[in-house]
Structures are given as structure tokens and as C-alpha cells.
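Hi everyone, thanks for coming. Please bring up the sequence and the structure, and we'll walk through them together.

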Amino acid sequence: MKQNELARLTKINKSSISEYLSGNYQPKYKNILKIAEVLNVSTKYFHWKILTSEENIKRLPILGKIAAGIPILAQENIEGYLPYDDNDADFCLRIHGDSMINARINDGDIVFIKQQSTVENGEIAAVLVNDSATLKRVYFVDDTVQLRSENPKYKPMIFSKNNCDNFRILGKAIALYTKF
């Protein structure tokens, strides 16, 4: 495949592709994912070269599944690690469910989370409600917290001190790895 074609299919600038191939510049992980998909190869093909030569790439743990639908019991089971070259994320969660599909977050996708205890109205966050975790848009309305999905088949979940013993924001969704 010629560089022009690879640039067109990946939507990565041709000059960047040229720099990657010459070894003058290491691609960011998101670009590795794009190139691997277009070339129909595993990203593992690229990981060895980048992880051994670029020290600023973090390996973020994938801490199991989080519901994008009905909240599921929160269990931290490290499924593996993903290289990530942006220093904002702290961990990853694999999506289970379809409640965030209109935000282009699908079942099986991996969401990169920046660990923090607060978010602004309307931001997508991983939250813990009692012992269950879910990924939703968070809204603070009067004395309640509303968790809204991005799928019209799901109604907002409304929590207050009257119906929830423990509510905690685990972190803000800042990036997405999707297979689609």
C-alpha cells in the first residue's frame, strides 16, 4: 500500500505517515490503532517497537466491565493493560450494554477514565451507585443526581439521599477505543 492510500484510509496526515516510516517520529497510540485496522494486523505488531523505544507511554489497566445500561455489580478485575500516550487517563473500563450508543459508545468498547470525584453537568462519567457501576451523563438537579443514557429506550436514573446509600463519581470519560 502506498503512503497516500494509507493516509487517506486512516485520515492521518501523509507527512506524519512518512515520519513514522522513516523512524523520525513515533505515532500516538490512537494512530497505531487506525493503521493496524486499515492494514488488518494486530496492534501487537506495533507495541514492541513503541513500548521499548518511547518511555512516556503509560500502560493503563483495564479494570473490568462497566454497564452502559442497567448498573452492574462493580468488581475491579484487571483484564490487561493498554498503552496510552496521553497522560490524562488513569484506567480503562470495558463497556457492557447499549445505553450510550448515541454517544458512539458501544458494547465491547473501551473507555479511558480520568480518576476524579466531580464532573460538570452533562459530562460522561463512570459512577458507583451503592455497589453497582455504570457509565452515564451526569446531571445535578436540585438535591438529586440524574444519570442519563444516550439511548432513548432507557429512562434517566434519579438518585437522592432517600433512595441511595452510596453515590460516588469514579472518574470522567476522556477517550474511547472502539472497534467500529
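This is a predicted model: local features need pLDDT of at least 70, side-chain atom pairs count only at pLDDT 80 or more; totals for chains, interfaces and linings use all residues.

Residues are numbered from 1 along each chain as its sequence is written, and side-chain values use heavy atoms, with hydrogens and water left out.

The protein chain has 4 helices and 10 strands; helices (H or I, at least four residues) and strands (E, at least two) are DSSP runs, numbered from the N terminus. From the N terminus on, the order is α-α-α-α-β-β-β-β-β-β-β-β-β-β. Of the 180 residues, 39% count as buried. Buried means under 20% relative accessible area, exposed over 50%, and partly exposed in between (1.4 Å probe, protein chains only).

Now, the helix pair. Two packed helices are described by the angle between their axes and the distance between the axes. For α1 (residues 3–10) and α2 (residues 14–22), the axes come within 9 Å and cross at roughly 120°. Axes here are lines fitted to C-alpha atoms, for helices over the stretch in contact, and angles run from 0 to 180 degrees between N-to-C directions. Which residues make the contact between α1 and α2? From α1 they are Q3, N4, L6, A7 and T10, and from α2 they are K14, I17, S18 and L21. Contact means heavy atoms within 4.5 Å.

Further along, helix α3 (residues 29–39) has Y29, N31, I32, L33, I35 and A36 as its buried residues. After α3 comes N40, with a positive phi near 60°.

On to the core. The largest nonpolar core has 14 residues, and I66, L93, I105, I113 and L135 have the most contacts inside it. A nonpolar core is a set of buried Ala, Val, Leu, Ile, Met, Phe, Trp, Tyr and Cys residues joined through side-chain atoms within 4.5 Å. Strands β1, β4, β5, β6 and β7 each supply at least two residues of this core. Leaving aside neighbours within four places in sequence, I113 touches several residues, including F91, L93, A126 and L135.

Finally, is F167 buried or partly exposed? F167, in strand β10 (residues 167–177), is partly exposed, at 26% relative accessible area. F167 and V127 are 40 residues apart in sequence, yet 7.3 Å apart in space, C-alpha to C-alpha.
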